[in-house]
Amino acid sequence: MSGPQCCANPPTLNPESGAGRVEQVGGFNSYLTGPSDSKLAILLVSDIYGYEAPILRKLADMIAAAGFYVVVPDFFYGEPYSPDNAERHIQVWFKDHGLDKGFEDAKPVVQAIKSKGVSAIGAAGFCWGAKVVVQLAKSEFIQAAVLLHPSLVTVDDIKAVEVPIAVLGAEIDHISPPALVKQFEEVLTAKPEIDCHVKIFPKVEHGWTVRYDERDETAVKNAEEAHGDTLDWFTKHVK
């Protein structure tokens, strides 16, 4: 990862949070919510703090309430990043939880979801997870993608995208700054065959959609707007 913003405002993880349940999907413990017999599924790929983040699960439940079967895997094998663990600082942790591995781990999860008879899958990725999702979006693994405050996503990644994609960026983001997100938009608008939506949220920082102070009305408003945009994108393209 690059820069302290990836690690800022860590959530208080809670394995009991959310209205769903934890079961194995594709070999990974996963938070599952929504109708299990739905033909439409959404994969949420977390940031470095993992699948027990309460706001992430709250978003999963919101998407599930619209009729989607939602899967949030633990791609960190029970070891999300912990800023309190001095022996496992971010560079050390990242060596064991690289983005290429995340992409490879996502493949059996997608296959397991499809084996349930699901006809269309969307995927949203947050920070670390956005790089995993953009890799899935380069082929026929998924039918639609949303990247929220992405980390380490490049212009070349965006050039290779083959499915409808939304990119939700932050005005105060040192990892994917607005100038880079604008480049993503230029690349995507030059590909009229790929539907796209690019938006930069003002006065928010990297990570704002899943790591915010719930007592901060402005933070909540911006996050909920991004959550609504995410659901709207999936409603439009995963059907």
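Predicted model: local features only at pLDDT ≥ 70, side-chain atom pairs only at ≥ 80, totals over all residues.
User: Why is the pair of Phe 76 and Trp 128 called edge-to-face?

Analyst: The ring centres are 4.7 Å apart, within the 6.5 Å limit for a pair. The planes meet at 75°, and over 60 degrees counts as edge-to-face; therefore the pair is edge-to-face. Phe 76 is in the loop between strand 4 (69-73) and helix 2 (90-96), while Trp 128 is in helix 4 (residues 128-136), so the pair links distant parts of the chain, 52 residues apart.

User: Are Phe 76 and Trp 128 buried or exposed?

Analyst: The cut-off for buried is under 20% relative accessible area. Phe 76 has 1% and counts as buried. Trp 128 is buried as well, with a relative accessible area of 1%.

User: Which cluster do ring pairs form?

Analyst: Ring pairs link Tyr 49, Phe 76, Tyr 81, Trp 93 and Trp 128 into a cluster. The structure holds eight aromatic pairs.

User: How do you know what kind of pair Phe 103 and Phe 141 form?

Analyst: Their centres are 5.9 Å apart and their planes are at 90°. The angle is over 60 degrees, so the pair is edge-to-face. Phe 103 lies in helix 3 and Phe 141 in the loop between helix 4 and strand 6 (144-148), so the pair ties together parts 38 residues apart in sequence.

User: Why do Phe 103 and Phe 141 get their accessibility labels?

Analyst: Phe 103 has 14% relative accessibility, which is under the 20% cut-off, so Phe 103 counts as buried. Phe 141 has 24%, which falls between 20% and 50%, so Phe 141 is partly exposed.

User: How does the reach of helix 3 compare with the expected span?

Analyst: Helix 3 (residues 99-114) has 16 residues and reaches 23 Å from its first C-alpha to its last, close to the 22 Å expected at 1.5 Å a residue. The buried residues in helix 3 include Leu 99, Phe 103, Ala 106, Val 110 and Ile 113. An α-helix has 3.6 residues a turn, so residues three or four places apart point the same way.

User: What makes Lys 116 a charge over the ring of Tyr 69?

Analyst: The charged end of Lys 116 is 4.8 Å from the centre of the Tyr 69 ring, within the 6 Å limit. Arg 57 lies over the face of Tyr 51, at 5.0 Å from the ring centre, again within 6 Å.

User: Why is Thr 230 called buried?

Analyst: Thr 230 has 0% relative accessibility, so Thr 230 counts as buried. Thr 230 lies in helix 7 (residues 217-237). Leaving aside neighbours within four places in sequence, Thr 230 is in contact with Ile 63, Ala 124, Val 146, Leu 148 and Leu 168.

Key. Residues numbered from 1 in each chain as written. Heavy atoms only, no water. Helix = DSSP H or I, 4+ residues; strand = E, 2+ residues; numbered from the N terminus. Expected span 1.5 Å × (residues − 1). Buried < 20%, exposed > 50% of the residue type's maximum accessible area, 1.4 Å probe, protein only. Phe/Tyr/Trp six-rings, centres within 6.5 Å; stacked < 30°, edge-to-face > 60°. Lys NZ or Arg CZ within 6 Å of the ring centre and 35° of its normal. Contact = heavy atoms within 4.5 Å.
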